[in-house]
Amino acid sequence: LKSVMDLSDCLRVFSLASEFRHVAVRKEERLELARLHGRVPVPIRDDAESVPAKVNILMQLYISGVPMDGFALAADQLYVTQTAGRLWRALWEMARDRGFARPCTTLLSMARSVERRQWPTQTPLWQIPGLPADVLGRLERKEFPFLRLFDLDEQELGELVRQPAVGPLLHSALKTFPRVAVSAVCRPVDRHCLQVDVDISVKSEHERPEPFWMLVDDGAGLLLHSEPVLVKPRDDEDMVINRTCRVSLPTKGPLPAAVFVSLVSDAWLGGDYRCAVPLLDMVLPEAPPPLMPLRDVKPREGLNVVQTLAIDLVESMDDASVAVIAVPGGWNVQAVVVYALPAGRNVYVHPSEAYIRAFKTTSDIQCMSLSAFEQSTRKWQSAKGRIQWDAIVLDGVHLVGENAIVDVVLARLRMARAMG
């Protein structure tokens, strides 16, 4: 598989599968295969007497509905077609996993062609039983766009195929065909991620949910996202949103001019839709600041590296300094910082009263719970309740937003510091 493949390349990859290693070209078949080699709708590059060419011919004739002359060729065609559906689905999954956007739709289209026994270039109405073959043939010769058929009423459909009596039959058949529409909006999450909101609308008289594949590509052959979508159609006069999906796309390097969202039916030929989401005017957030370089720290005796950095920070602080130490739990930084404070009126505060019991109050350090510390700061504006500590260690500030007391205490401390 390659990132750029047309239908001829896909058929050749299919014919080279190891499942067909037991298929042989008999002498009596060579003349017939040479005749059929030039009559298939998709050109074959291999020699007519090779096994891949024979498999390719049998596959194309099966989709075209051409009966085989001779028991041997009919038996080989039966063997090829029994494996074809599984192989085309496997190739489609391989291309999807590798991010090949262009072969993806071709391979899935061939899998549906084998199941429906019709080419994607034929009118999708061949998939609906009960329609006259001569009417569908006349409709194909008209080369009338398929999607425009949904805008015609019964009389106009009958006039199009020059059989007014068939107009109601075509109109009712179009109602059973799943008609899809997709709209998408893209917004940046950060500089390396985009979020695409996709609204999917499916209209049909079928009550059962219809399976689809949602594919997002950059227009240059790279498949950015794929996921199966099961949508239940609605029989409404207007296209109503049936389902909304949210897709996150990673961004690397410059943004493409647009991303393309495709909704591909897993069962129906012609039931696909593709829309473009322009990105030319997209403004990405500013890049985050660069990470600080790692420091080569030699730990002090009896301490680890993190504790050593915390001690150095405390010792370098002056009377007006404010420092934030954020480390994972288990490093035991709190005890080292508390007992490294200079002599004076120092206080250690933690939200948990049980945690406070692990620290011993000394003449230089007073350990308090958050609730007790909050009560002691309520009269901070008065002369008697003025905050006169030399150093305050407030632990557990990650609880800001969960515990309102932390916000209140921090606000009082900031006000007290601002007022001197």
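Trainee: Which residue in β10 does Val 349 stand opposite?

Mentor: This is a predicted model in which local features need pLDDT of at least 70, side-chain atom pairs count only at pLDDT 80 or more, and totals for chains, interfaces and linings use all residues. Residues are numbered from 1 along each chain as its sequence is written, and side-chain values use heavy atoms, leaving out hydrogens and water. Strand β10 (residues 391–394) pairs with β8 in the parallel sense over 4 bridges, where pairing requires that DSSP find at least two bridges between two strands. In β10, the residue opposite Val 349 is Leu 394.

Trainee: Over how many bridges do β8 and β9 pair?

Mentor: Strands are DSSP runs of E of at least two residues, and helices are runs of H or I of at least four, both numbered from the N terminus. In β9, Gln 366 stands opposite Val 347. Strand β9 (residues 365–369) pairs with β8 in the parallel sense, and the number of bridges is 5.

Trainee: How many residues of strand β8 are buried?

Mentor: A residue is buried under 20% relative accessible area, exposed over 50% and partly exposed in between, with a 1.4 Å probe and protein chains only. In a regular strand, side chains alternate between the two faces of the sheet. On one side of β8, Asn 346, Tyr 348 and His 350 are buried, and on the other Val 347 and Val 349 are buried. Strand β8 (residues 346–350) is therefore largely enclosed by the rest of the structure, its buried residues being 5 of the 5.

Trainee: How many aromatic pairs does the structure hold, and what is the angle between the planes of Phe 14 and Trp 88?

Mentor: Rings of Phe, Tyr and Trp (its six-membered ring) pair if their centres lie within 6.5 Å; planes under 30 degrees apart are stacked, over 60 edge-to-face, and the rest tilted. The structure holds 7 such pairs. Phe 14 and Trp 88 are stacked, with 4.7 Å from centre to centre and planes apart by 5 degrees.

Trainee: Which ring does the charged end of Arg 116 sit over?

Mentor: A charge sits over a ring if NZ of Lys or CZ of Arg is within 6 Å of the ring centre and within 35 degrees of the ring normal. The charged end of Arg 116 is 4.7 Å from the centre of the ring of Trp 268.
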